[in-house]
Amino acid sequence: FFNKTFPANGDTGTGYNRATSTIMNLAINGKYPDTFISYPLVLISKGLLPAAEKASAAIDETGNILFKWTDNTGTGTARAGNKVILVAFFPGLHLIIYSLNSGTRSNGEAILPIQNIQGLAAETWIGFLSNDEKDAATSVYTSQLELWRTEITILFKWLMLSYFFRFVYHSSKGELHTVMDFKGGNFYFA
């Protein structure tokens with residue numbers, strides 16, 4: 001992966017070594033023993049091609065990650081057929097899902113299937129590779145996403161806006177029964 005996404009461009013060593021050096025110099029913060037990774041500073045690709053412009057990532061209606069960007073074909077060496085690099089890292093699982101073949105620069109959007117991973121945070125990036133995979137664009141951090149199903153997220157956000165609400169159901173006799181109360185940030189089950 002890094003041999004493609006961190007091309008030599010006159011540097012020595014492997015793509016892995018170039019990536020490791022870049023991440024160590026840019027994204028590792030703090031003072032030992034309290035070091036941490038600053039995900040917005042991590043690069044998953046670095047090269048001479050123009051980077052993605054106005055890049056974003058969001059969860060689509062199927063629960064996958066939808067990346068969008070502005071097509072900047074013709075800017076410098078940017079070409080319509082540049083391959084898009086999509087990456088999602090799940091720190092809670094120590095899992096990386098990526099694609100080098102989900103679309104091209106001119107598409108303006110692409111989907112990264114994430115196999116129905118739910119309830120976790122994902123750090124996301126986008127980059128580009130030249131058609132011959134000998135050059136890359138410096139990646140762009142798109143965002144941290146909280147992966148919840150859309151309908152659950154909407155319900156939960158609505159519920160959290162209320163200081164007090166009550167879940168009830170109708171019995172077969174038409175009676176209302178309280179199942180759960182929410183008061184000031186705490187749930188109470190009936």
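Predicted model: local features only at pLDDT ≥ 70, side-chain atom pairs only at ≥ 80, totals over all residues.
## Salt bridges

Across the whole structure, 2 salt bridges are found. One joins the side chains of Lys 4 and Glu 133, with an N to O distance of 3.0 Å. Lys 4 belongs to helix H1 (residues 2-5), whereas Glu 133 sits in the loop between strand S8 (120-129) and strand S9 (140-147). The two residues are 129 residues apart, and the pair links distant parts of the chain.

The other joins Lys 83 to Glu 133, where the closest N and O atoms are 2.8 Å apart. Lys 83 is in strand S5 (residues 83-90), and 50 residues separate Lys 83 from Glu 133 in the loop between S8 and S9. This pair, too, links distant parts of the chain. In general, side chains of opposite charge can pair when their charged atoms come close.

Strand S5, which holds Lys 83, runs antiparallel to strand S6 (residues 95-99), and 5 bridges join the two. Within this pairing, Ala 88 has Ile 97 of S6 as its bridge partner.

S5 and S6 form a hairpin with 4 residues between them. His 94 lies in the turn and has a positive phi of about 55°.

## Aromatic pairs

The structure holds 8 aromatic pairs. One of them is formed by Phe 2 and Tyr 16, which are tilted, with 6.5 Å centre to centre and 55° between the planes. Phe 2 is in helix H1 and Tyr 16 in helix H2 (residues 15-26), so the pair links distant parts of the chain, 14 residues apart. Phe 2 is partly exposed at 24% relative accessibility.

Trp 125 and Tyr 141 form an edge-to-face pair, with 5.6 Å centre to centre and 70° between the planes. Trp 125 lies in strand S8 and Tyr 141 in strand S9, so the pair ties together parts that are 16 residues apart in sequence. Trp 125 is buried, with a relative accessible area of 2%, whereas Tyr 141 is partly exposed at 23%.

## A charge over a ring

An aromatic ring also meets a charged side chain. Arg 105 lies over the face of Phe 128, at 4.0 Å from the ring centre.

## Ser 143 in strand S9

Ser 143 is found in strand S9. What is the relative accessible area of Ser 143? The value is 16%, and Ser 143 is therefore buried, the limit being under 20%.

Which residues are in contact with Ser 143, leaving aside its neighbours within four places in sequence? The contacts are Ala 57, Ala 122, Glu 123 and Thr 124.

Terms used:
Residues numbered from 1 in each chain as written. Heavy atoms only, no water. Salt bridge = Lys/Arg side-chain N within 4 Å of Asp/Glu carboxyl O. Pairing = 2+ DSSP bridges. Phe/Tyr/Trp six-rings, centres within 6.5 Å; stacked < 30°, edge-to-face > 60°. Buried < 20%, exposed > 50% of the residue type's maximum accessible area, 1.4 Å probe, protein only. Lys NZ or Arg CZ within 6 Å of the ring centre and 35° of its normal. Contact = heavy atoms within 4.5 Å.
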